[in-house]
Amino acid sequence: MTVRRFRLRRAAPLLGVLLTVAACSGGPDTDGGPAQATAAPSGSVAAVCDKQPAGPAAAPAGAVVVDPAVPGDLAAKTRSAAPGTTFWLKPGKHILGDDKYDQVSPKDGDVYVGAPGAVLDGRKINQYAFTGHAVNVKITYLTVQGFAAPHDEGVVNHDSGDGWAIEHSTVQDNDGAGLMAGARQQVRGNCLRRNGQYGMNAYSGGTPLTALVVEGNEIAGNNTGDWEAKIDGCGCSGGVKFWAVNGADVRGNWVHDNHGTGLWADTNNNDFLIEGNLIENNDSAALIYEISYNAVIRDNTIRKNNWADGRRYADKSDNFPTSAIYISESGGEPRIKARTAKIDVSRNYLENNWSGITLWENADRFCNSPANTSSGDCTRLVPSVKQCAAPAITSGALLADCRWKTQHVDIHDNKFVLDPAVVGCQASCGRMGLLSNFGSYPDWSPYRGDVVQEAITFKQDNRWHDNSYAGPWTFIAYSADRVLQIGEWEGAPYSQDSGSTFTAQGGG
């Protein structure tokens, strides 16, 4: 997995699934008493792909009818209509012109409704389907396929317009990202599959991206372009990537079989609720939360993830605990407004993944460090990268605030199930991690030596407790070469997993 311990450059721009899981009440901050660890799903997943509800068979009242027999009819009628127009795409394959920049540029409030069998096809000629900065655009009951967006760009809402709603649509077999995202975007009940880079890339450049909802979608088989192999360490692939999103609800999705990470929040995200998703069979981690803040991760079912990347690490004899949930330089921060002041990981069911949860902090990765691959970004607590320089960074508030800290992470009431025979591994696939590296770079860094190793392990309020374990689990703490058995993990000085239960055999 490109998440690795010395991570990551950011990726630049670019109600369907129903889970029946055991859940319990409580507000999003989950600050109540202990809950029972969630069980495996007792019901079924209602797949969205190939099972979308049909759009209207006749044009809605007042709608402009778009004819698939006329090439470019959709773009032309959009240009000539007033803002707020509803367009009904008749059944059939709709195409744009023969130039790669032929595209649809909605006006504010435009609505696009597909009839049964309506498809907008880019034929691998056109780069983009829907572009521009219009607000409050809606796209529903439409299949969008075959567009050739460049790397790090997207097909639908290419320019990250605000207030868009994409519902009950299929966005498939495109290059780049199927969707981009703007503030207040609603993505509900869609099939986002087999896109070349991402199902969705929630990136909006300099515009704040807030109040994003991703609900009930099937997000499957994305990153067909295998971008991590093309650009080593790019961190630019997977089901969904979130960049600097301030407030997101990600719930009830089926995220599966992506060629990379399932859900990935990378760089200065904040205030996430990741709830009630089924995340399975992704080549890399189910979930990465990286140099970001304040999240609730609860009531998810996470199974058979990270097998490809886990084996790759094991084959190199790399002891780093690559895992299903990877929290990297991320933590709770009460000074940043959110629904919680920690990262709360609770009531999740993790079964036969390649390892469990890793909390990691790279001692050499901080604002203004050459080792920070998100090189233009500073923490949410420091407004300017230039402030994090010697000698100011060596004392006072900057010493603390120039770091993205893995802190205030509360991992509780989860169930971890591992059968090595199912995963096909020996010891390396049953690990939890709480660690850092020995700081060494740059030479002016105030975090050299074991400063961050001591902090993440003992001083930053990172806790496992009241969990349930089945199978042969081991624990890596402080540094990658310190492998602990259960008793060592529970005992001093680590004092982790109080109130937890351990069963030697894997199983449900």
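The model is predicted, and its protein chain holds 7 helices and 37 strands. Because a compact globule of 508 residues would have a radius of gyration near 23 Å, the value of 23 Å found for the protein chain agrees with that expectation. Along the principal axes, the C-alpha atoms occupy a box of roughly 75 × 55 × 40 Å. Of the 508 residues, 59% count as buried, while the accessible surface amounts to about 17,400 Å², with 52% of this area belonging to carbon and sulfur atoms.

A search of the whole structure identifies 4 disulfides, among them the link between Cys 49 and Cys 191, whose sulfur atoms are 2.0 Å apart. This link of Cys 49 and Cys 191 is right-handed, with 95° about the S-S bond. Since Cys 49 lies in the segment before strand E1 and Cys 191 lies in strand E13, the pair ties together parts that are 142 residues apart in sequence. Cys 49 counts as buried because its relative accessibility is 8%, and Cys 191 is likewise buried, with a relative accessible area of 0%.

A further disulfide joins Cys 367 to Cys 378, with an S to S distance of 2.1 Å, and this link is left-handed, with -115° about the S-S bond. Both cysteines are placed in the loop between strand E29 and helix H4, 11 residues apart. Cys 367 is buried at 0% relative accessibility, and Cys 378 is buried at 8%. Cys 425 and Cys 429 are also joined by a disulfide, with an S to S distance of 1.6 Å, and both of these residues are buried.

Methods: Residues numbered from 1 in each chain as written. Predicted model: local features only at pLDDT ≥ 70, side-chain atom pairs only at ≥ 80, totals over all residues. Heavy atoms only, no water. Helix = DSSP H or I, 4+ residues; strand = E, 2+ residues; numbered from the N terminus. Rg over C-alpha atoms; globule rule 2.2 N^0.38 Å. Buried < 20%, exposed > 50% of the residue type's maximum accessible area, 1.4 Å probe, protein only. Areas by Shrake-Rupley, 256 points an atom, 1.4 Å probe, with all protein chains shown as cover. Disulfide = S-S within 2.5 Å.
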